Amino acid sequence: MYNIVSCLCSYGYIYTSNGVSLHEFAMSLLRGRKSSVKDSDDLCIICADGGILVLCDGCPRAFHKECASLSAVPRGKWYCKYCENKFQREKFVEHNANAIAAGRISGIDPIDQISKRCMRTVKNPEEAEVIACALCRCYDFSKSGFGPRTVILCDQCEKEYHVGCLKKRKIADLKELPKGKWFCCADCKRIYSALQNSLNSGEERLSESCLGAVRMKLKEKRMDFVGDLDVRWRLISGKITSRETRVLLAEAVSIFHDCFDPIVDSATGRDFIPSMVYGRNIRGQDFGGMYCAILTVNSVVVSAGILRIFGQDMAELPLVATRIGSQGQGYFQLLLSCIEKLLAFLNVRRFILPSAVEAMSIWTEKFGFKEIPPDLLVSYKKTCWQLITFKGTCMLEKMVPKCRIIRHEETEAETETETESDAPDE
């Protein structure tokens, strides 16, 4: 499968050399699949739960009524918004001037021309040559029993270790596979604990001092709020859900689907995006360590990002987007700032994300990222093989600024100084 995902670009406007938009090609992978009650999904594509589902008549997808934002179960034929978007875009693509200028020729099927050159976007872990013990870099492991070549995975950084290598390096002397969570170091345990505390503490309202850029952009667009601008951010996980967070996760999925083409598995046609948002594993793809960061404005989710932290070494942000009606209002930058502050608090060293070539200048000039050289990226993937990369994108990184912790004594001293300076001269 050839599919490209960008944080800041619409692929309906990027064309191959024979005039096929990347969106059109991604959608073509699902074309021709006949849907029936027998071959429709038995889980909701949004929340991955079962129950009473509404089935799309154009694809195998199934939805809970609430997850599809339906007020009632539709009568007659019903098409999900992914199929509706496909129908609308395909209606105009054949006569699109940009497609013709890019090389589309009437009477020739451009999809057929390139279908033999399809490649998977996300490589299955079992196919990756970089998976190895983080200490000895050997690929062998014991498939049964417990011994020195048994492999154990850290529940935060997701690095793999031979039990024997851990003992040899005096990191851990395991007599059996531990029950519950296991961490390779104190830093990973600290980061995991802090993330769980963040999940439990819920949303954080941003102070007015953080909203300067947003206020300015709203004023420029003549959209300034007369009343209160209640902006909050929070971290959520599909593993710890409530009725409230399930709605928020569904909203995040909706935002990503509105902004990006589906990241589909070539064998099943299943979309990876809901699995990434909910932190679920699917067909060998391990998304279990992913969290969803969201920004709400007056209780409406406007921006969302998928975050995974590989211990102190690095964190990745494979997807981040702002609701179409809220773009250009400063919310994207605000969410990114909140995520960076969290990473700084956790003492994470670097922040990595994929970007389309067309969007690189925005990331580098506005947000301070730089392109990762190919040899350095290979080195990163040797220790963090789960790092998500997409065909046709560039990997960027940014060193996370250090978090300045203000001690209680400093705060008191500053308060006293301010009080003295404000006092009138006698």
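Biologist: Where is the place of Asn 347?

Modeller: Asn 347 sits in the loop between α10 and β10, and please keep in mind throughout that this is a predicted model. Although Asn 347 is not a glycine, its phi is positive, at about 65 degrees.

Biologist: Why does Asn 347 count as partly exposed?

Modeller: Its relative accessibility is 39%; buried would require under 20% and exposed over 50%, so Asn 347 counts as partly exposed. Ser 69 also has a positive phi, near 60 degrees, in a residue other than glycine, and it lies in the loop between β2 (62-63) and α2 (81-93). With a relative accessible area of 61%, Ser 69 is over the 50% limit and is therefore called exposed.

Biologist: What makes β10 largely enclosed by the rest of the structure?

Modeller: Seven of the seven residues of β10 are buried, and therefore the strand is described as largely enclosed. Arg 350, Ile 352, Pro 354 and Ala 356 point one way from β10, while Phe 351, Leu 353 and Ser 355 point the other way, and all of them are buried. β10 runs parallel to β9, to which three bridges join it, and Ala 315 stands opposite Phe 351.

Biologist: In what order do the eight strands of the open sheet come, and which stand at the edges?

Modeller: The order is β5-β6-β7-β8-β9-β10-β12-β11, with mixed pairing. β5 (204-205) and β11 (370-371) each have a single partner strand, so one side of each is left without a neighbour in the sheet, and these two stand at the edges.

Biologist: How do you know that β11 and β12 pair?

Modeller: At least two bridges are needed for strands to be called paired, and β11 and β12 (residues 393-399) have two bridges, in the antiparallel sense. Lys 370 stands opposite Glu 397 in β12. Helix α12 (residues 374-383) lies across β9 (314-322), β10 (350-356) and β12, running at about 75 degrees to β12.

Biologist: How do you know that the span of helix α8 agrees with its number of residues?

Modeller: At 1.5 Å a residue, the 17 residues of α8 (residues 243-259) should span 24 Å, and the end C-alpha atoms are 25 Å apart, which agrees. Among the buried residues of α8 are Leu 248, Ala 250, Phe 256 and Cys 259.

Biologist: Which residues have the most contacts inside the largest nonpolar core?

Modeller: Trp 233 and Trp 363 have the most contacts inside that core, which has 60 residues. Helix α10 (residues 331-345) gives the most to it, with ten residues. A second, separate core of 41 residues includes Ile 45, Tyr 82, Ala 250 and Phe 256.

Notes:
Residues numbered from 1 in each chain as written. Predicted model: local features only at pLDDT ≥ 70, side-chain atom pairs only at ≥ 80, totals over all residues. Heavy atoms only, no water. Core = buried A, V, L, I, M, F, W, Y, C linked by side-chain atoms within 4.5 Å. Buried < 20%, exposed > 50% of the residue type's maximum accessible area, 1.4 Å probe, protein only. Helix = DSSP H or I, 4+ residues; strand = E, 2+ residues; numbered from the N terminus. Contact = heavy atoms within 4.5 Å. Axes fitted to C-alpha atoms, helices over the stretch in contact; angles between N-to-C directions. Expected span 1.5 Å × (residues − 1).
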